[in-house]
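Here is a brisk report on one protein chain. Look over the sequence and the fold first, then read on.

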Amino acid sequence: MASLEAAAENERILREIESTDTNCIGPTLRSVYDGQEHGHFMEKLEGRIRNHDREIEKMCNFHYQGFVDSITELLKVRGEAQKLKSQVTDTNSKLQDAGKELVNSMEELKQCRLQQRNIAATVDKLNLCLPVLEMYNKLQEQMKARRHYPALKTLEQLELVYLPRASQYRFCKIMSENIPKLRSEIKDLSMSDLKDFLESIRKHSEKIGETAMKQAQQQRSLDSIVSNQQRAGSARRARKEAGLGTELEGDSSSPMSEQDSGILDVEDEEDEEEVLGAQDLVDFSPVYRCLHIYTVLGARDTFENYYRKQRRKQARLVLQPHSNMHETLEGYRKYFNQIVGFFVVEDHILHTTQGLVNRAYVDELWDLALSKTIAALRTHSSYCTDPNLVLDLKNLIVLFADTLQGYGFPVNQLFDMLLEIRDQYSEILLKKWTVVFRQILDQDNYSPIPVVSEEAYRKTAGQFPFQDPELEKLPFPKKFPFSEFVPKVYSQLKEFIYACLKFSEDLHLSSTEIDDMIRKSTNLLLARTLSNCLQNVIKKRNVGLTELVQIIINTTHLEQSCRYLEEFITNITNVPPETVQATKLYGTSTFKDARHAAEEEIYTNLNQKIDQFLQLADYDWMAAQGRGEASDYLSDLIAFLCSTFTVFTHLPGAVYEHAAMPGKVAQTACMSACKHLSTSLLQLLLESEVKQISMGALQQFNIDVKECERFARSGPVPGFQGDTLLLAFIDLRQLLDLFIQWDWSTYLADYGRPTCKYLRVNPNTALALLEKISRAMKDTSRKNNVFAQFRKNERDKQKLIDTVVKQLRSLINTHHS
């Protein structure tokens with residue numbers, strides 16, 4: 001069985017070897033060597049090889065005759081082929097000899113055609129390269145001429161059109177590599193031009209602003225002429241002084257040129273009849289070119305940011321005022337010119353470029369400028385004390401505001417700030433007029449103005465609205481009732497009103513607002529400045545009663561003139577009086593207050609004079625009896641009062657609203673003097689230094705009081721009814737009667753009743769005087785007894801006094817506890 005299987009396996013392997021590709025025979029042979037019968041397989045293989053060899057031999061034998069025939073025929077063909085070879089060789093030799101000249105000609109033609117092709121190729125290449133070189137040369141020339149924007153266009157054509165056509169050449173590659181550098185160089189050069197432009201603009205902003213404001217001034221002058229032709233009367237004259245103006249409209253265009261100068265040369269424009277427009281002074285082409293260059297290079301945002309950043313820096317420099325700007329108007333003018341020049345440029349850039357600056361950016365800069373300018377003006381104007389400089393500054397600010405308003409910038413805040421400066425201007429005017437009023441009042445002689453001719457009379461009457469038919473009828477020489485300071489003060493009041501009007505013009509205020517402002521400022525002048533000056537004059541130490549009387553007369557006439565001031569303001573503002581509701585002139589109350597102060601000062605001066613006389617009183621308080629006549633000091637005092645009250649006959653009476661009759665001031669002064677004299681005499685009796693008073697001294701004191709009463713009854717000032725003036729001494733009279741008559745029983749019994757005989761005697765006063773008399777009586781060291789009429793019983797007298805003292809104290813405790 002094993003041998004049969006081995007034989008079958010060997011047979012299979014042989015079939016595989018015969019039928020399998022030689023590349024895959026390896027596994028088959030491996031299976032033979034892996035088995036144990038490889039010797040037997042080799043025998044089988046040898047037998048198979050022999051079988052195939054026999055079959056091959058049989059096949060060869062079968063085809064042998066055909067092979068022999070083929071060889072024989074092939075040998076026959078060899079001879080013919082040899083003949084053919086000889087013929088071909090001969091023919092080739094002949095052909096070579098015949099074509100040798102043709103080959104030479106063809107070689108020459110080949111060389112010519114090659115040269116021709118090379119020339120054509122060279123021409124073509126040159127046609128490609130020459131435009132590149134020409135464009136590059138043009139680029140260099142444009143850059144040398146600093147024509148950067150055309151250079152950028154040339155560079156763009158060179159890069160996109162010409163260089164790609166000749167990109168295989170080395171010089172083109174070098175050019176291509178240099179293009180970014182050239183572009184960067186153009187960018188840097190254009191930025192350098194822009195920097196030069198910005199620097200030039202910074203230096204020439206003042207000139208640009210000056211030109212713009214000059215145009216605005218010319219426009220205002222034309223508008224003022226037209227406006228003045230529509231005015232009439234006093235309003236026309238007043239507004240001419242104030243210099244009216246209107247808003248301007250400034251329109252001009254900027255040149256577009258290839259030159260790089262930032263500012264055109266414009267000098268001595270003041271001498272030309274036609275002033276160039278503000279934008280005509282500026283060549284904006286560097287900005288436009290730089291903007292186009294950066295736009296083409298795709299860096300527009302970078303350019304815009306740089307331009308805005310630099311202009312913001314310049315704006316801060318422009319808006320920074322000089323430290324001494326407030327000293328002269330020229331300092332303010334330069335400051336405003338720079339600001340106007342800056343915004344004229346920005347406004348032109350806004351309207352001639354697309355998006356380099358926008359309205360929001362310009363508005364932001366303007367808001368910054370407004371805040372900085374207003375803050376600077378508030379600070380520097382506060383240092384100014386010259387009203388003329390403030391007025392010039394106001395006109396300059398109005399021109400500044402109108403100029404910028406013509407370019408579309410809102411300026412309401414500037415006019416609001418002008419209202420603040422107006423208040424400051426009013427304060428400066430008040431300080432100035434304080435000095436003026438003080439000089440007028442100090443230089444016045446406080447005497448009625450004498451006139452010796454009709455011309456002098458009319459001159460004074462023309463300065464002050466005074467009408468007195470009775471005075472006009474009197475012959476020359478004659479006197480006005482008031483002194484020099486009345487017409488001078490009135491004239492200065494009118495000058496102040498004109499000064500206020502000058503500032504109010506051009507502020508775009510209505511006539512009603514101007515009228516209201518003038519009235520309020522005039523009220524401040526009257527109620528504060530003039531009132532204080534009058535009060536200072538009245539309170540002077542060396543002012544006399546005559547001067548005080550004249551002040552009262554003067555203030556009376558000034559009070560009457562207030563209605564003429566009202567009419568004067570109405571005429572220059574053209575505001576009917578019925579429209580003025582809230583603001584009225586306070587002149588009436590001002591002059592009334594001054595008059596009242598003068599009256600009080602008269603009363604005070606009289607009392608001081610009385611005190612000076614009383615200081616001369618030298619009573620012997622322990623005298624045994626009186627001298628029988630009034631004391632010398634009191635006689636002198638009465639004489640002084642009589643002469644003084646004659647001065648008051650000059651005082652007007654009926655013009656006073658508070659007066660019930662003529663001579664009210666004289667009556668009040670007389671009553672006040674008598675009351676003060678009575679009070680002072682009583683104080684002499686009650687002085688703490690006077691410890692003892694004799695009845696003799698009291699009798700002398702009573703004589704002096706009677707002298708005062710005779711003065712009161714003599715009617716030193718007309719107008720008192722009955723014994724009204726005597727009432728000033730009633731307290732003193734009842735006190736003296738009580739002690740001289742020794743009527744204590746009546747006093748103590750009737751005290752507190754309305755019908756009491758000694759109703760005006762105060763128990764405290766009576767007690768104090770009684771104690772002084774009691775001490776004098778107890779003084780036994782003196783030879784002269786003060787109670788000589790009570791010698792019968794000294795002890796009873798003292799006891800009586802002690803009893804009265806106790807009763808008075810009980811009365812005081814009862815009624816004042």
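Arginine 519 is buried, with a relative accessible area of 1%. This comes from a predicted model. Its salt-bridge partner is aspartate 515, and the N to O distance between the two side chains is 2.6 Å. Aspartate 515 is buried too, at 2% relative accessible area. Both values fall under the 20% cut-off for buried.

Where do arginine 519 and aspartate 515 sit? They are four residues apart in helix α16 (residues 511-538), about one helical turn. An α-helix has 3.6 residues a turn, so residues three or four places apart point the same way.

**Other salt bridges**

The structure holds 21 salt bridges. Three of them are tabulated here.

| Pair | N to O distance |
|---|---|
| Arginine 519 and aspartate 515 | 2.6 Å |
| Glutamate 707 and arginine 710 | 2.1 Å |
| Arginine 760 and aspartate 731 | 3.1 Å |

Glutamate 707 and arginine 710 share helix α22 (residues 695-713). They lie three residues apart, about one turn of the helix. Arginine 710 is partly exposed, with 44% relative accessibility.

Arginine 760 and aspartate 731 form a salt bridge at 3.1 Å, N to O. This pair links distant parts of the chain, 29 residues apart. Arginine 760 is in the loop between α24 (744-750) and α25 (763-778), while aspartate 731 is in helix α23 (residues 730-741). Arginine 760 is partly exposed at 43% relative accessible area. Aspartate 731 is partly exposed at 30%.

Which residues do salt bridges with shared partners join into one network? They are Asp515, Arg519 and Glu566.

**Nonpolar core**

The largest nonpolar core has 205 residues. Phe336, Leu681, Phe701 and Trp744 have the most contacts inside this core. Tryptophan 744 touches Leu738, Phe739, Ala766, Leu770, Val804 and Leu808, leaving aside residues up to four places away in sequence. In soluble globular proteins, nonpolar side chains tend to be buried together.

**Helix α10**

Helix α10 covers residues 359-381, 23 residues in total. At 1.5 Å a residue, the helix should span 33 Å. The end C-alpha atoms are 31 Å apart, which agrees.

The buried residues of α10 include Tyr361, Val362, Leu365, Trp366, Ala369 and Leu370. Thr373, His380 and Ser381 are also among them. What do the buried residues of α10 pack against? Their neighbours are α8 (300-318), α9 (329-352), α11 (387-406) and α12 (412-443).

Notes: Residues are numbered from 1 along each chain as its sequence is written. This is a predicted model: local features need pLDDT of at least 70, side-chain atom pairs count only at pLDDT 80 or more; totals for chains, interfaces and linings use all residues. Side-chain values use heavy atoms; hydrogens and water are left out. A nonpolar core is a set of buried Ala, Val, Leu, Ile, Met, Phe, Trp, Tyr and Cys residues joined through side-chain atoms within 4.5 Å. Buried means under 20% relative accessible area, exposed over 50%, partly exposed in between (1.4 Å probe, protein chains only). Contact means heavy atoms within 4.5 Å. Helices (H or I, at least four residues) and strands (E, at least two) are DSSP runs, numbered from the N terminus. The expected span of a helix is 1.5 Å times one less than its number of residues. A salt bridge is a side-chain nitrogen of Lys or Arg within 4 Å of a carboxyl oxygen of Asp or Glu.
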